[in-house]
Amino acid sequence: MADQQHEWILRLGDDALVLAQRLSEWCSHGPALEEDIALSNIALDLLGQARALLTLAGQRESQGRDEDALAYFRTDREFCNALLVELPNGHFGDTIVRQMLFDQFAVLRYEALASQAVDLELAAIAAKALKEVRYHAAHSAQWVVRLGDGTEESHRRVQKSLNVLWQYTAELFEDDAVSKACDEAGVQPLNGSFTARWTEQVRAILDEATLTCPESTALLTGGRSGRHTEHLSYMLAEMQVLQRTYPGAEW
Amino acid sequence: MDLNQRFEAYIASDQKIEAKDWMPDAYRKTLIRQISQHAHSEIIGMQPEGNWITRAPSLKRKSILLAKVQDEAGHGLYLYSAAETLGISRDEMFDALHTGKAKYSSIFNYPTLTWADMGAIGWLVDGAAIMNQVPLCKCSYGPYARAMVRVCKEESFHQRQGFQIMLNLSNGTPEQKEMAQDALNRWWWPSLMMFGPNDASSKHSEQSMRWKIKRFSNDELRQRFVDMTVPQAELLGLTVPDLDLKWNEATGHYDFGPIDWSEFEQVVAGNGPCNRERIEARVAAHENGAWVRDAAAAYAEKSAKRASSQTSAA
Ligand SMILES: [Fe+2]
Ligand SMILES: [Fe+2]
């Protein structure tokens, strides 16, 4: 059980870290100054969550790994984030649709984690993160609506983003031995238990955005067990370069 | 007393000019040039440091660097807003930047080659920016002075964070120390150039001093910067790349070697190592964002129409 809880926290941390890393790529390339600042803000929040979660995961693992050891010295096969968050940024619409799909999930997950009393350290991190992801969720939903119900071009573009990204959403709700153990321990209900509320909320946003909710198609999965897209290894190569080039150095 | 004399007397008595006050055209134009150039520098300055966010060597450093670059975007925002009070739009200013009509600080046309450059930029470039900007907190134009107060607070954080990076590297492995020295070698002279041409050849100075939109001369500020920074380099155990540098007991200042103004002029003329990349990246961000801004505008218009038809129905 301890093993599985450590793995569980690592998943949460990796989701946050990988998405923060992606969003930070936007810095100085945003569509407007205000949005550059907003995306950096979200990246900073997620990075803060990742640091807290990885630190906790390292403590639970008790092999002396801190946040940086976990971030910089694992391979892509050892990362256990969902595929959705590692996908390249694409254009702003791709980024914002990815964000909306993830934020809606993150809110539900952190609500559950913040309200349990089995793992109080995790609950404290979740309570802080929940405030942040609620803000992110409002921001991304607002943008999906603006782009969906903006111009013909923006509508066409984000509908396409949605059709592509949708294939990566089912993975968020999958359950396995790790999530079942967390459910049994009372830390977090099964991921599958969030499906209905997530679907309802996402559909409401898409309706307002005049976008069509894609039919379920081929659903892509594998991130939780370390089978990622081709993109993650490149991301990690870039992220880890200094630590790997100068092992043991302090920065 | 005519308007102009009243204006000059008002400034001479250290009063602030506000957006709605009468001001001579030349004052307005000079301020627009200076503030927009400053805003552009903040925005272009995001790129050389943005270059290392994804490769920052620890999560803590990543977080600090990302927050810093985000601050610079905020500075750009305050400054564009301050310039807008003078009757120019952000779009017009962007257009001038993108077409090469407007200048920005040449320092950002140098590449960031190693992580140590994040230290050197914070320490030297933000340090030089503070020297230049602190006096502007008291400049005669109210909206600019107020923007600078906010900006300067954050710049001093940046400077300390940059120094901390340099300190860690200097106390680190031999490779890290070498990285720090190399960064100092590359950034030292361009940082001194940030204060602009020598007083003898500075074209805008005298008028701007009288209008109190510049309060110290380029050479005075440069000297202050050298005097402040050399002891810090000693503390780091790094060598300032200037053989002529030495303490002058008589003047109470450091003497330093001549600046290679031909390099400065080359970079200002657009021939620095990264001029083309910086503008291209800026233009690409702007053009790639056009459909997003259009969509936001279209949506806002639709929403306003819906809201007004609802109120008229109700
Ligand atoms: Fe700044
Ligand atoms: Fe700064």
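**Exercise 1. Determine which arrangement the four donor atoms of the iron ion (ligand 2) form.**

Step 1. Donors are N, O and S atoms within 2.8 Å of the metal (3.2 Å for Na, K and Ca); water is not among the atoms, so sites may look incomplete. In this predicted model, the protein donors of the iron ion (ligand 2) are Glu72(B) through OE, Asp126(B) through OD, Glu155(B) through OE and His158(B) through ND1, at 1.9 to 2.3 Å.

Step 2. Four donors count as tetrahedral if all angles lie between 85 and 135 degrees; four count as square planar and six as octahedral if opposite donors are over 155 degrees apart and all others between 65 and 115; anything else is irregular.

Step 3. The angles among the four donor atoms run from 87 to 151 degrees, and the site is irregular.

Step 4. Asp126(B) belongs to helix α6 (residues 116-133) of chain B and His158(B) to helix α7 (residues 142-170) of chain B, so this pair ties together parts 32 residues apart in sequence. Helices (H or I, at least four residues) and strands (E, at least two) are DSSP runs, numbered from the N terminus.

Residues are numbered from 1 along each chain as its sequence is written, while chains are lettered from A and ligands numbered from 1 in the order in which they are written. Local features need pLDDT of at least 70, side-chain atom pairs count only at pLDDT 80 or more, totals for chains, interfaces and linings use all residues, and side-chain values use heavy atoms, with hydrogens and water left out.

**Exercise 2. Identify the residue that coordinates both the iron ion (ligand 1) and the iron ion (ligand 2).**

Step 1. Glu42(B) is in helix α2 (residues 25-44) of chain B and Glu72(B) in helix α4 of chain B, so the pair ties together parts that are 30 residues apart in sequence. Both Glu42(B) and Glu72(B) are buried, a word that means under 20% relative accessible area, with exposed over 50% and partly exposed in between (1.4 Å probe, protein chains only).

**Exercise 3. Classify the aromatic pair of Tyr80(B) and Phe94(B).**

Step 1. Rings of Phe, Tyr and Trp (its six-membered ring) pair if their centres lie within 6.5 Å; planes under 30 degrees apart count as stacked, over 60 as edge-to-face and the rest as tilted.

Step 2. The whole structure holds 17 aromatic pairs over all chains. In the pair of Tyr80(B) and Phe94(B), the centres are 5.2 Å apart and the planes stand at 75 degrees, which is edge-to-face.

Step 3. Tyr80(B) lies in helix α4 (residues 59-84) of chain B and Phe94(B) in helix α5 (residues 90-98) of chain B, so the pair links parts 14 residues apart in sequence. Both residues are buried.
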